[in-house]
Amino acid sequence: MKRVSQNMLASHGKQVCCVIRYKRIAPDMSEAIGRKLSLEVHRAAMDGVTHFATSMACGSDFLFAEAVGTLKKSGARIALEAVLPYRSHAQCKNPRFRELLPQCDLVGVYRETYGPDTYAMLTRYMAERSDRVIVLYDSNRNDLAYDALCYARSLGKETVVIRAER
């Protein structure tokens, strides 16, 4: 693992953009959502965002990391940070996780151990520390992603919504 930061998402004057995810993306929607995320990552970089953060917890997080990685390979001077929800998540066996984690410039751990409120608190933490929040969710208003969207808006954060539904 690269540097594990206890001071995650400390922007040091840089613009920060994070992604907050919808639970699961249907396989047939993955490509379309990946394109939308790539477009939003590109827009954010064009607007001066230089620091991108993801929890690396599921498919949409991986699509976001891939979009940032692609932009970095094109020469953009940006950084990708993985804010892992809890320490043992670093041992995740998912092949995409194992492929993408080494591409992160920083790796932070939100909590030492998993708890029932870990993801809810992590999404709030990321929204608080970001200037722009990209939220993927369906129309379910009883979802963590929707709660995070409302929270980010209540903080006056710039929000971008990508619908994760057919």
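Q: On what basis are residues numbered and values computed here?
A: Numbering starts from 1 along each chain as its sequence is written, and side-chain values use heavy atoms, with hydrogens and water left out. The model is predicted, so local features need pLDDT of at least 70 and side-chain atom pairs count only at pLDDT 80 or more, while totals for chains, interfaces and linings use all residues.

Q: How many helices and strands does the protein have?
A: Helices (H or I, at least four residues) and strands (E, at least two) are DSSP runs, numbered from the N terminus. The protein comes to 5 helices and 7 strands, in the order β-β-α-β-α-β-α-β-α-β-α-β from the N terminus on.

Q: Which residues touch the most other members of the largest nonpolar core?
A: A nonpolar core is a set of buried Ala, Val, Leu, Ile, Met, Phe, Trp, Tyr and Cys residues joined through side-chain atoms within 4.5 Å. In the largest one, which has 33 residues, L37, F52, M56, F64, L84 and I134 touch the most other members. At least two residues each come from β2, α1 (30–46), β3, α2 (59–73), β4, α3 (95–100), β6 and β7 (158–163). Helix α2 gives the most to this core, with 7 residues. A second, separate core of 17 residues includes Y125, A127, V135 and A152.

Q: What does L84 touch, leaving aside residues up to four places away in sequence?
A: The contacts of L84 include S55, M56, H89, A90 and F97. Also among them are L101, V107, G108, V109 and Y110.

Q: Against which elements do the buried residues of α4 pack?
A: Helix α4 (residues 118–128) has T118, Y119, L122, T123, Y125, M126 and A127 as its buried residues. They pack against β2 (15–20), β3 (49–54), β4 (79–86), β5 (106–111), β6 (132–137) and α5 (144–154). For α5, the buried residues are A145, Y146, A148, L149, Y151 and A152, and these pack against β2, α4, β6 and β7.

Q: How many aromatic pairs are there, and how is their geometry classed?
A: Rings of Phe, Tyr and Trp (its six-membered ring) pair if their centres lie within 6.5 Å; planes under 30 degrees apart count as stacked, over 60 as edge-to-face and the rest as tilted. The count comes to 5 aromatic pairs. F52 and F64 form a tilted pair, 6.1 Å centre to centre with 55 degrees between the planes. Because F52 lies in strand β3 and F64 in helix α2, this pair ties together parts that are 12 residues apart in sequence. Both F52 and F64 are buried. The pair of Y137 and Y146 is tilted because the ring centres are 5.5 Å apart and the planes stand at 45 degrees; both residues are buried. Ring pairs also link Y86, Y114 and Y119 into a cluster.

Q: Where does the charged end of R124 sit?
A: A charge sits over a ring if NZ of Lys or CZ of Arg is within 6 Å of the ring centre and within 35 degrees of the ring normal. The charged end of R124 sits over the ring of Y151, 3.6 Å from its centre.

Q: What lines the largest cavity?
A: On a 1 Å grid over the protein atoms alone, a cavity is a set of points where a 1.4 Å probe fits but cannot get out; lining residues have an atom within 4 Å of a point. Grid points are joined across faces, edges and corners, and a volume is the space filled by probe spheres set on the points. The count comes to 1 cavity of 30 Å³ or more, and the largest cavity has a volume of about 70 Å³. Its lining consists of V19, I20, R21, S55, Y119, L122, T123 and M126. Helix α4 gives the most to this lining, with 4 residues.

Q: Which residue has a positive phi although it is not a glycine?
A: Most residues other than glycine have a negative phi. M56 has a positive phi of about 55 degrees although it is not a glycine. M56 is placed in the loop between β3 and α2 and is buried, with a relative accessible area of 0%. Just after α5, G156 takes a positive phi of about 80 degrees.

Terms used
Buried < 20%, exposed > 50% of the residue type's maximum accessible area, 1.4 Å probe, protein only. Contact = heavy atoms within 4.5 Å. 1 Å grid on protein atoms, 1.4 Å probe; cavity = no way out; pocket = protein on both sides within 12 Å on 5 of 7 lines; lining within 4 Å.
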